[in-house]
Amino acid sequence: MARPKDRRPGYSRRAQYGIFTGYVIAMLGVVAGIAVLVVSLVNPGAFSFARSAAAEVARPMGKAGAEGRASGQGVFAAIGAYFKAGQQNAELRREVDAARANAVSMQALEDENRRLKALLGIVDPARRPVATAHLIGSSGASTRRYAVLDAGISDGVRPGQPVRAASGLIGRVIEAGPRTARVLLVTDPDNVVPVRRASDGLSAFVQGASDGRIDIRLINMGTNPLKKGDVFVTSGSGGLYPPGIPVAVATAPHRDGATGHLAADPADHVYVLVEQAFSAQARDDLQRMIEDGAKTAVEEP
Amino acid sequence: MIFEKLTASPEDLVRKRINRAPLPALAIGLPWATIMLASMASFSPVIASAPVMPPLAYLMLLAWRMMRPGMLPVWAGLPLGFFDDLYSGQPFGSGIVLWSVTMLALEVIDERFLWRGFSQDWLAASGLIAAYLTMCALVAGLATGYPLPLVIGPQILLSLVIYPVITRVVALLDRIRLLPLKRL
């Protein structure tokens, strides 16, 4: 490659000043950037308006991408299914038989459950999702793990609401714009979810490790009772996440907990559900926080 | 129309070059537009649960800057870094600082090493990319209060490997940029 042109402009004062101003603005950029960075570290919500405005602009692009992803997966699945049709047919028939048997016993259990609940006088509140949305973007290059939803305040989405997919928890909303919202994924280190082991209710919490996996930490530490394959579901404590949503599967137990992978990989899901915060008190708290404009409080699990 | 011109034989292009000049909007605006578009790549169909994507916009900035020194002004890191911050998910301001510093660093590299081949450019870019991703992870770690995870290793490697590809893409874009579309 040839050497770059010499940028000393000779005797032209105008050109000299132009170059000088360029350097001054560049240095100003560094200084201003540091100032902005400090502000956003102290108050993470400070620039949320700019981010949500930008997300609004990119919304059509992300939406097209999300639909492309859905149809792309559909195409691959269809081709795969074509090759495996025979084997799959036999497998499915076996599964259907097993499921039919299960369904009968489930029906019995459900009846019993209803009778017992009626005895105890428990009323199951019907939880309707706030919105159904696509994930239209994610912070793919950053160690912070965010995703963007294509539903926002106009659909009833508010900061703090949990987001889930059919197979498990995705994260919670932290910023809501008019028609987009930002979701803090479970894999972000900032997101701490109270969970319990599905089999025996052993309580723990899950923290993101920002590499796509998560840390499962036990609350009662002693000997580590975790085994590979343990499934963890939300415990509902704290009142934000509804209980019983699958969060993680333990893969590698270590001294005081385990590393696990997500129950619901955000990449696999075409639609996600935004739900109300679980307990009425948490909902009221969130509402108050939004009115106060105190965004930091939403960070608490 | 543009693709026809790209595949046209050289004589064809030369004949059309008489009395023609590049469109000013394209010649000046294309680098900015492509870098900003690369910033918006987070709105791609890929929803990543780990930081695996190379920082495309940053690679694009380096490639344009290395290919055409002096075309992007030295202060270009300020607006482009700001735009990248809107989409990257990093704490706001990290892009502004790091991109501005990058432009200044490239200025120093230009002063120091006048005659460079592609391998030296790649080496310089490698250093800058590794430093950039490490700083990004540090700043993000500062925001979460969680120690720097070692997950950026694969990301750095991937970015280094993909850099030559990005330079080829930028070279192609540069050809589009200088197409003689304006009649004098």
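So, let's start in chain B, where the crossing of α4(B) and α7(B) is right-handed. One thing to keep in mind as we go: this is a predicted model.

Helix α4 covers residues 56-67 of chain B and helix α7 covers residues 118-144, and the two pack at an angle of about 150°. Their axes are 11 Å apart. With the cut-off for roughly antiparallel set at over 145 degrees, that angle makes α4(B) roughly antiparallel to α7(B).

Who's touching whom? On the α4(B) side you've got B:Tyr58, B:Leu62 and B:Met66, and they meet B:Asp121, B:Ala125, B:Leu128 and B:Tyr132 in α7(B). If you sort the residues of that contact by type, you get six nonpolar, no polar and one charged.

Okay, still in chain B, here's another helix pair. Helix α3, residues 24-39, packs with helix α5, residues 77-88, at an angle of about 25°. The axes there are 9 Å apart. Roughly parallel takes an angle under 35 degrees, so α3(B) counts as roughly parallel to α5(B). The crossing of α3(B) and α5(B) is right-handed.

As for the side chains to click on, B:Ile35, B:Met36 and B:Ser39 come from α3(B), and they meet B:Leu80, B:Phe83, B:Asp84 and B:Tyr87 from α5(B). That contact splits into five nonpolar residues, one polar and one charged.

Now let's zoom out to where the chains meet. How many residues does the contact take from each chain? It takes 55 from chain A and 55 from chain B. On the chain A side, the elements giving two or more residues are α1 (13-42), α2 (48-83), β1 (131-138) and β2 (146-149). The largest share of that side comes from α1(A), with 13 residues. By type, the chain A side divides into 29 nonpolar, 16 polar and ten charged residues.

Last stop, inside chain A. Chain A is divided into domain 1, which is 59-120, and domain 2, which is 131-295. Their C-alpha centres lie 23 Å apart. And what does the contact between these domains look like in numbers? Six residues of domain 1 of chain A are in contact with nine residues of domain 2 of chain A. On the domain 1 side, that's two nonpolar, two polar and two charged.

Okay, that's my tour. Thanks, everyone.

Terms used. Residues numbered from 1 in each chain as written. Chains lettered and ligands numbered in written order. Predicted model: local features only at pLDDT ≥ 70, side-chain atom pairs only at ≥ 80, totals over all residues. Axes fitted to C-alpha atoms, helices over the stretch in contact; angles between N-to-C directions. Helix = DSSP H or I, 4+ residues; strand = E, 2+ residues; numbered from the N terminus. Parallel < 35°, antiparallel > 145°, perpendicular 65-115°, else oblique. Left-handed = near helix turned anticlockwise from the far one by under 90°. Contact = placed C-beta atoms within 7 Å. Nonpolar A, V, L, I, M, F, W, Y, C, P; charged D, E, K, R; others polar. Domains from an automatic or database assignment.
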